[in-house]
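I opened the notebook to look up a few places in a protein chain. My plan was to begin with the whole chain and then turn to single residues.

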Amino acid sequence: MPRRQFATYASILTVAMIAFILGFPFLLFSLARATHCAPDTCGAVGLVLGLYGRMLGVLTYGIAMLTVISARCRRAGLSSWWVVASLFWLLAARDVLMAGLNFWAVGFSLGILSFQWPITLIFFFAFVALLSFWKGSDENGSEPPRRSWTMAQVSAALSAIIGVVVCIPLFVTLAWIGGLRLISPLSVIMFPEHYLYVHIGTHFITLTTALWLLLLVFAGALIHVLVLQRRENLQLPPTRFSRPAS
């Protein structure tokens, strides 16, 4: 997929998803009015519509974005591991995507009582921005600087690994639904936050802290890659003192 086409598709999909999330409360209200539910049954209607309606929208957006990212990575000569990292970035941000601006019972039924900043979602959009502006091998773009690109790859890989750890409760729940009931989902819901941290003096380095640090490295490396390519693509106009090539 060409870069400009990818940027267009990614922008349309993201704007549609943002509009879907922002307008979801009004959509639920309209559907509840349309079904003429009684006061004692509107809660159940809101739960069902909020759960499966939002899930359908999030799945549609995720599959569509991963499809265009995969197509752009193949065209630009990037590794398919970037698609895998994008998948885990989205999965790790499932709390915000599913429960944000949704009926309160949806988050309660999914065990989402609160959520923090969707840091992995920022990783995702930063990478989408890179694919939208960076000229790959299909456009005869220059190779990214080795040091900055390595820093971007390492920080992306570590953040994706953290995303996998954060998704452990989701994987256990899916296995439980599928009949593989080796461990109860309730026992691992708080596992990433309560057990995976480093205690240094009076400070605690949690997965969230590590993600913020990795995000700074990732964003800085991507900005450096884009700025250097932009400088290399700029051509200075000739002046009256320039000598014609002989």
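The entries below record what I looked up.

**Ground rules.** I am working with a predicted model, in which local features need pLDDT of at least 70, side-chain atom pairs count only at pLDDT 80 or more, and totals for chains, interfaces and linings use all residues. Residues are numbered from 1 along each chain as its sequence is written, and side-chain values use heavy atoms, with hydrogens and water left out.

**Whole chain.** I noted 11 helices and two strands in the protein chain, where helices (H or I, at least four residues) and strands (E, at least two) are DSSP runs numbered from the N terminus. Reading along the sequence, I wrote the pattern down as α-α-α-α-α-α-α-α-α-α-β-β-α. I then looked up burial, and found that 35% of the 246 residues are buried; buried means under 20% relative accessible area, exposed means over 50%, and partly exposed lies in between (1.4 Å probe, protein chains only). The accessible surface of the chain comes to about 15,400 Å², and carbon and sulfur atoms hold 69% of that surface; such areas come from the Shrake-Rupley method with a 1.4 Å probe, and for residues only the protein chains shown count as cover. Of the contacts with a separation of 6 or more, 78% are between residues 24 or more positions apart, a contact being heavy atoms within 4.5 Å.

**Helices α1 and α2.** I looked up how helix α1 (residues 3–22) packs with helix α2 (residues 24–35), and found an angle of about 55° with the axes 4 Å apart. The axes are lines fitted to C-alpha atoms, for helices over the stretch in contact, and angles run from 0 to 180 degrees between N-to-C directions. The two helices are therefore oblique to each other, since angles under 35 degrees count as roughly parallel, over 145 as roughly antiparallel, 65 to 115 as roughly perpendicular and the rest as oblique. In this pairing, F20, I21 and L22 of α1 meet F24, P25, F26 and L27 of α2.

**A10.** Further along my list was A10, which is in helix α1 and counts as buried because its relative accessibility is 3%. Leaving aside residues up to four places away in sequence, A10 touches M65 and V128. I also noted A64, which is 54 residues from A10 in sequence and 8.8 Å from A10 in space, C-alpha to C-alpha.

I found a nonpolar surface patch of about 500 Å², made by V48, Y52, M55, L59 and I63. Patches are made of residues with over 30% relative accessible area and no salt bridge, with like charges joined within 9 Å and nonpolar side chains (Val, Leu, Ile, Met, Phe, Trp, Tyr) within 5 Å; a salt bridge is a side-chain nitrogen of Lys or Arg within 4 Å of a carboxyl oxygen of Asp or Glu. M55 sits in helix α3 (residues 42–76) and counts as partly exposed because its relative accessibility is 32%. The C-alpha atoms of M55 and R94, 39 residues apart in sequence, are 9.8 Å apart. L59 is also found in helix α3, and at 48% relative accessibility L59 counts as partly exposed.

**T120.** My last entry is T120 in helix α7 (residues 119–133), which counts as buried at 3% relative accessibility. Not counting residues up to four places away in sequence, T120 touches W89, A92, A93 and L211.
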